[in-house]
Amino acid sequence: MITINVTTRDGDRQQIDGVEGTALMEMLRDAGLGIDGTCGGMCSCGSCHVYIANGASLAEQSEDEHDMLEGMAEIVEVRPSSRLSCQVMLKPEMDGLEVEVAPQF
Ligand code: FES
């Protein structure tokens with residue numbers, strides 16, 4: 001199991017567990033933590049936006065993810081730690097990752 005520490009939009013802290021290869025978006029959505037995943041993980045809706053505090057172990061953003069986040073910056077706060085959680089696949093080295101659910105837009 002890979003444990004992710006989540007701060008919700010209400011400021012609540014929760015821990016959720018997932019398995020390697022699962023998209024972070026699916027974990028957050030299935031746990032009812034305010035992530036819709038409207039496009040089903042196709043990197044085209046932005047509804048899975050999160051901030052990741054200690055994301056050094058994550059893969060680099062793809063061009064598509066980068067472009068999507070860049071476009072979203074006009075309507076929501078995009079930070080250097082911003083990621084689309086549908087593009088973040090769980091790996092063992094992500095155990096203990098700190099994730100904050102970004103504001104809805
Ligand atoms: S679920 Fe749509 S961009 Fe991630």
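The structure is a predicted model, in which local features need pLDDT of at least 70 and side-chain atom pairs count only at pLDDT 80 or more, while totals for chains, interfaces and linings use all residues. Residues are numbered from 1 along each chain as its sequence is written, and side-chain values use heavy atoms, with hydrogens and water left out.

## The sheet

Helices (H or I, at least four residues) and strands (E, at least two) are DSSP runs, numbered from the N terminus. Two strands pair if DSSP finds at least two bridges between them. Strands of a sheet pair through backbone hydrogen bonds, either parallel or antiparallel.

In this model, five strands make up an open sheet of mixed pairing, in the order β2-β1-β5-β3-β4. Its edge strands, β2 and β4, each pair on one side only. On average, neighbouring strands are turned by 35° against each other, direction ignored. Axes here are lines fitted to C-alpha atoms, for helices over the stretch in contact, and angles run from 0 to 180 degrees between N-to-C directions.

Strand β1 pairs with β2 (residues 13-18) in the antiparallel sense, over six bridges. The two strands form a hairpin with five residues between them, and Gly11 in the turn has a positive phi of about 90°. Ile2 has Gly18 of β2 as its bridge partner, and Val6 stands opposite Gln14 in β2. With β5, strand β1 runs parallel, joined by four bridges. Here Ile4 has Leu97 as its bridge partner, and Asn5 stands opposite Glu98.

In β1, six of six residues are buried. Ile2, Ile4 and Val6 are buried on one side, and Thr3, Asn5 and Thr7 are buried on the other.

A nonpolar core is a set of buried Ala, Val, Leu, Ile, Met, Phe, Trp, Tyr and Cys residues joined through side-chain atoms within 4.5 Å. The largest such core has 26 residues, of which Ile4, Leu24, Leu28, Ile52 and Val99 touch the most other members. At least two core residues come from each of β1 (2-7), α1 (24-30), β3 (49-52), α2 (63-72) and β5 (97-101). Helix α1 supplies the largest share, four residues.

Contact means heavy atoms within 4.5 Å. Leaving aside residues up to four places away in sequence, Ile4 touches Gln14, Gln15, Ile16, Leu24, Met27, Leu90, Met94, Leu97 and Val99.

## Helix α2

Which residues of α2 are buried? They include Glu65, Leu69 and Met72. The buried residues fall within an arc of 60° seen down the helix axis, so they line one face of α2. The arc is that of the directions from the helix axis to the C-beta atoms. Turned away from this buried side is a face that carries the exposed residues Glu63, Asp64 and Glu70.

Strands β3 and β4 (82-84) are among the elements that cover the buried residues of α2. The helix packs on the sheet, touching β3 and β4, and its direction makes about 120° with that of β4.

## Salt bridges

Side chains of opposite charge can pair when their charged atoms come close. A salt bridge is a side-chain nitrogen of Lys or Arg within 4 Å of a carboxyl oxygen of Asp or Glu. The whole structure holds six salt bridges, including those in the table.

| Pair | N to O distance |
|---|---|
| Glu98 and Arg13 | 2.9 Å |
| Arg79 and Glu77 | 3.2 Å |
| Glu93 and Lys91 | 3.9 Å |

Glu98 lies in β5 and Arg13 in β2, so this pair ties together parts that are 85 residues apart in sequence. Glu98 is partly exposed at 26% relative accessibility, whereas Arg13 is exposed at 52%. Glu77 is partly exposed, with a relative accessible area of 47%, and Lys91 is partly exposed, at 26%. Through salt bridges that share partners, Glu77, Arg79 and Glu100 are joined into one network.

Methods: Buried < 20%, exposed > 50% of the residue type's maximum accessible area, 1.4 Å probe, protein only.
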